[in-house]
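This report describes a protein model together with its ligands. The sequence and the structure are shown first.

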Amino acid sequence: MKVLGALALVGCILPHFVFAQDSTNTVQAATQDCLNSKDVPVYWMSSPEYSELAEPFNLRLEYKPLVIVVPTTAKHVQDAVSCAAQCGVKVQPRGGGHSYASYSSGGKDGSMVINLEELHEVKLDTATGIAKVGGGVRLGNMAQKIYDQGKRALPHGTCPGVGIGGHATHGGYGYTSRTWGYALDTIVAVDVVLADGSLVKASFDENADIFWALRGAADSFGIILNFYLKTEPAPDSLTFFQFGWDNIAVPGSTKDTFTNTFLHFQDFATNASVVDDRIAFGVNLMYDDHFTLSGTFFGSAAEFNQAIKPELLRGVPTPTVINTVRDMEWIPYLILFGGADDITEPETGYDEHDDFFAKSITVPESDGLSKAALDSFYDYISAGDAPSSYFVIVNLYGGPGSAIATKDTDFAAYRERDSLWVFQNYGERANANPGIVPWINGMNDAVINAQPNTEFGAYLNYVDPSYSAQEAHRLYYGHELYARLLAFKKKYDPKNVFWNPQAIGA
Ligand SMILES: Cc1cc2nc3c(=O)[nH]c(=O)nc-3n(C[C@H](O)[C@H](O)[C@H](O)COP(=O)(O)OP(=O)(O)OC[C@H]3O[C@@H](n4cnc5c(N)ncnc54)[C@H](O)[C@@H]3O)c2cc1C
Ligand SMILES: *[C@@H]1O[C@H](CO)[C@@H](O)[C@H](O)[C@H]1NC(C)=O
């Protein structure tokens, strides 16, 4: 007993030969001793709560964390990170848990997951318009609370269950982003726990290099406990528009109709005499029969109908199934895009899931999409041999006036600034139909191979586990930015405490 007591006291710094005997059990025991000695709230595999806490949003990729920490204080996070660093355990925080690759479950078995769901406070400072948002807050709750506390708004994605933690640190696009920028662009400061267990404030003036790296690669650099976000006044009203065609459906239309319609939208999107920072939209394709275009206009429906709609739909087939242009108030607008009765989500114990494989293509504004690429895409999906259902969303990021394009990699460690379009190709029911994975990969290839001189990339928030670390680094960051991030990683996290299969330094 004496010997065990002594071991517990030294925590993780065990003599090397002990690891050699049974490293897994020893790492677990040592981590356990360390966390227990500091009273960190934890769940082990033997805990009844473990299996539900371990479930990622994407049930295609389930990992078994060594331990799940559910901190209620900053000190808990600091202690947990210190223990993990001492014991050689990899760490990933979990914000909303919506990582497409389940990186917030570690991205492999045996990691420490720090689930931030108890850090869910949202507090708007009405004098400055800055909202303090806990690292485990979900987008819907954030939007509702900043509106309730002072009629403020932020740009972000449409799904209310997504967490600010992963979303704002890896981009964060919504139909307000051409007007207000990415969610990432609204971050003015953070409280963050670093790999050495220290808690620091980082902003443009304080720990500016860490602040830079977190905005684009937080998963590799720290655990953000609080975000300070610069909000906008919520518009009194804005216009929602949606048009739907069953005769441009795939399959069921001709290739010319499909490609020419898309090319017209591309001409429109790059036409500075009609497009400015007040408009954003995306094209959606469903595997069965819909082709829709949906978006947002920061102006009245009357102005949209008079000045924009005629140009947007000029020369394309008349919409057959949906033809909606509507003035909307801010919260009802968010609810409409969120797809449920409200945008409020459970603060703890969120339990929604999907099982899917998704990937992205970012299309440089300098090139756009060629007729050949669109034809090839049409041929691929109209062959009709998809092993499961899927959808495709092609969102407009660029074009005249886009706020996304007003910043660069000096502003933040984030490169996705010069894309015209970003594709999301999303295959559903992947557990029952694993063939959807190669099929979705083929969808990307169909576009990319038909336009060989374009340097396509990928969008970090649609993180794609099918890439090697090296490919991922090239597609998400490019060589120059990645080299800068790698140098920082060696400085701030030399032991790769913050790790997932595509992290900086992986
Ligand atoms: C249904 C659905 C709809 C979506 N819609 C959109 C959309 O409209 N627009 C868009 O841009 N994206 C969208 N996404 C993608 C989404 O933005 C990303 O999956 C995002 O990274 C999820 O953030 P999270 O906190 O929920 O995920 P998590 O899985 O918790 O985190 C993702 C990564 O960020 C890290 N991380 C999380 N919290 C923190 C923190 N506090 N500090 C440091 N690192 C942290 C995690 O360790 C992990 O590596 C959608 C995803 C889904 C599943
Ligand atoms: C751009 O929009 C203007 C105004 O509607 C229109 O006259 C012009 O033809 C458009 N240009 C292109 C290239 O489509």
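Asp39 sits in the loop between helix H3 (23-37) and strand E1 (42-44); helices (H or I, at least four residues) and strands (E, at least two) are DSSP runs, numbered from the N terminus. The phi angle of Asp39 is near 60°, a positive value in a residue other than glycine. Asp39 counts as exposed because its relative accessibility is 64%; exposed means over 50% relative accessible area, buried under 20%, and partly exposed in between (1.4 Å probe, protein chains only). Ser102 also has a positive phi, near 55°, and is not glycine. Ser102 belongs to the loop between E3 and strand E4 (112-115), and counts as buried because its relative accessibility is 0%.

The model is predicted: local features need pLDDT of at least 70 and side-chain atom pairs count only at pLDDT 80 or more, whereas totals for chains, interfaces and linings use all residues. Residues are numbered from 1 along each chain as its sequence is written, chains are lettered from A and ligands numbered from 1 in the order in which they are written, and side-chain values use heavy atoms, with hydrogens and water left out.

**Domains and cores**

An automatic or database domain assignment supplies the domain bounds. The protein is divided into domain 1 (2-91 + 104-115), domain 2 (122-234) and domain 3 (238-328 + 355-462). The centres of domain 2 and domain 3, taken over C-alpha atoms, are 27 Å apart. The contact between them (heavy atoms within 4.5 Å) takes 21 residues from domain 2 and 35 residues from domain 3.

A nonpolar core is a set of buried Ala, Val, Leu, Ile, Met, Phe, Trp, Tyr and Cys residues joined through side-chain atoms within 4.5 Å. The largest such core has 78 residues, and those with the most contacts inside it include Val133, Trp330 and Leu485. Helix H9 (residues 208-221) gives the largest share of this core, 8 residues. At least three residues of this core come from each of domain 2 and domain 3. Apart from it lies another core, of 47 residues, among them Ala269 and Val437.

Residues up to four places away in sequence aside, Leu485 touches Trp212, Ala213, Ala217, Phe221, Ala413, Tyr477 and Ile504. Asn141, in helix H6 (residues 139-150), counts as buried because its relative accessibility is 7%. Beyond its neighbours within four places in sequence, Asn141 is in contact with Ile343, Thr344, Glu345, Pro346 and Glu347.

**Ligands**

Ligand 1 has 33 residues around it, of which Pro93, Gly95, Ser104, Tyr459 and Asn461 come nearest; a residue is near a molecule if one of its heavy atoms lies within 4 Å of it. Ligand 2 is surrounded by Asn271, Ser273, Val274, Glu311 and Arg314. The table gives polar contacts, here pairs of N or O atoms within 3.5 Å.

| Ligand oxygen | Protein polar atom | Distance |
|---|---|---|
| Ligand 1 | Gly97, backbone | 2.8 Å |
| Ligand 1 | His167, side chain | 2.7 Å |

The protein covers 93% of the 970 Å² of accessible area that ligand 1 has on its own, by the Shrake-Rupley method with a 1.4 Å probe. Strand E3 (91-94), helix H7 (164-167), H9 and strand E10 (223-230) are the elements that give two or more residues to the shell around ligand 1.

For ligand 2, an oxygen atom lies 2.3 Å from a polar side-chain atom of Asn271. The protein covers 44% of the 360 Å² of accessible area that ligand 2 has on its own.

Notes:
Polar contact = N/O pair within 3.5 Å; in protein donor to acceptor, adjacent residues only side chain to side chain.
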